[in-house]
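Biologist: I have a model open in my viewer and would like to learn how to read it. Could you walk me through it, one feature at a time?

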Amino acid sequence: MSDGTPSAGAQGLSGALARLSGALVDFGRTRLELASVEFAEERERTFERMLLLVTAALGFGFALLAASAFVVVWFWDTHRLVALGAITVAYALVGIVAAVRLRDRQRNAPKPFAATLAELERDRDWLRERLGK
């Protein structure tokens with residue numbers, strides 16, 4: 001007879017569902033923590049790159065300005081227009097090479113959050129195996 005207590009089958013099912021939901025929450029939490037760590041690392045790397053880029057740009061910019069002034073002053077009495085033209089062409093070539101390299105690096109850059117996406121893919125495959133789909 002039924003005395004109002006859940007049967008062993010019902011407890012087993014509810015227990016299994018509770019364990020499954022706990023496991024899913026743990027999976028989600030772990031993946032979220034991984035994504036959070038990757039985001040923080042990427043933010044830190046980006047900040048460092050930007051700081052180095054600005055520092056290098058300022059340093060090279062002042063060096064180029066001084067070198068340009070030196071060349072123009074050196075040739076002021078004889079070939080000032082040729083000196084200015086050569087410096088302009090040199091700067092344009094440096095800019096073109098830098099732009100091409102930047103484009104190549106952007107194209108070949110690794111995808112952000114690749115580890116998180118790989119873990120989620122493995123989780124999906126594991127769940128499909130377990131559920132038999």
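Modeller: Let's begin with how open a side chain is to its surroundings. Arg 29 counts as exposed, because its relative accessibility is 56%, and the cut-off for that word is over 50%. Do keep in mind that this is a predicted model.

Biologist: Which residue does the side chain of Arg 29 meet in a salt bridge?

Modeller: Here is the general idea: side chains of opposite charge can pair when their charged atoms come close. In this model, Arg 29 pairs with Glu 33, at 3.2 Å from N to O. Glu 33 is partly exposed, as its relative accessibility is 41%.

Biologist: How many salt bridges does the structure hold?

Modeller: There are three salt bridges in the structure. One of them joins Glu 42 to Arg 45, with 2.9 Å between the closest N and O atoms. These two residues are about one helical turn from each other, because they sit three residues apart in helix H1. Glu 42 is partly exposed at 26% relative accessibility, and Arg 45 is partly exposed at 37%. Another salt bridge links the side chains of Asp 104 and Arg 103, at 3.8 Å from N to O. Asp 104 has a relative accessible area of 33%, so Asp 104 is partly exposed; Arg 103, with 42%, is partly exposed too.

Biologist: Now for a charged residue without a partner. What is the nearest side chain of opposite charge to Glu 38, and how far away is it?

Modeller: That side chain is Arg 45, 6.7 Å away. A salt bridge needs the nitrogen and oxygen within 4 Å, and Glu 38 has no salt bridge although Glu 38 is buried. Glu 38 has its place in helix H1, which covers residues 8–74.

Biologist: Which residues is Glu 38 in contact with, leaving aside its neighbours within four places in sequence?

Modeller: Glu 38 is in contact with Phe 113, Ala 114, Ala 115 and Thr 116. Of these, Ala 114 is found in helix H3 and is partly exposed, at 41% relative accessibility. Ala 114 also shows how sequence and space can be read together: Ala 35 is 79 residues from Ala 114 in sequence, while their C-alpha atoms are 9.3 Å apart.

Biologist: Is Arg 31 buried or exposed?

Modeller: Arg 31 counts as buried because its relative accessibility is 13%, and the cut-off for buried is under 20%. Arg 31 lies in helix H1. Not counting residues up to four places away in sequence, Arg 31 touches Thr 116, Glu 119, Leu 120 and Asp 123.

Biologist: And the surface? Which residues make the nonpolar patch?

Modeller: Leu 13, Leu 17, Leu 20 and Leu 24 make a nonpolar surface patch of about 380 Å². Leu 13 is found in helix H1 and is exposed, with a relative accessible area of 54%.

Note on methods:
Residues are numbered from 1 along each chain as its sequence is written. This is a predicted model: local features need pLDDT of at least 70, side-chain atom pairs count only at pLDDT 80 or more; totals for chains, interfaces and linings use all residues. Side-chain values use heavy atoms; hydrogens and water are left out. Helices (H or I, at least four residues) and strands (E, at least two) are DSSP runs, numbered from the N terminus. Buried means under 20% relative accessible area, exposed over 50%, partly exposed in between (1.4 Å probe, protein chains only). Lys and Arg count as positive and Asp and Glu as negative; His and the chain ends are not counted. Contact means heavy atoms within 4.5 Å. Patches are made of residues with over 30% relative accessible area and no salt bridge: like charges are joined within 9 Å, nonpolar side chains (Val, Leu, Ile, Met, Phe, Trp, Tyr) within 5 Å. Accessible areas come from the Shrake-Rupley method with a 1.4 Å probe; for residues, only the protein chains shown count as cover.
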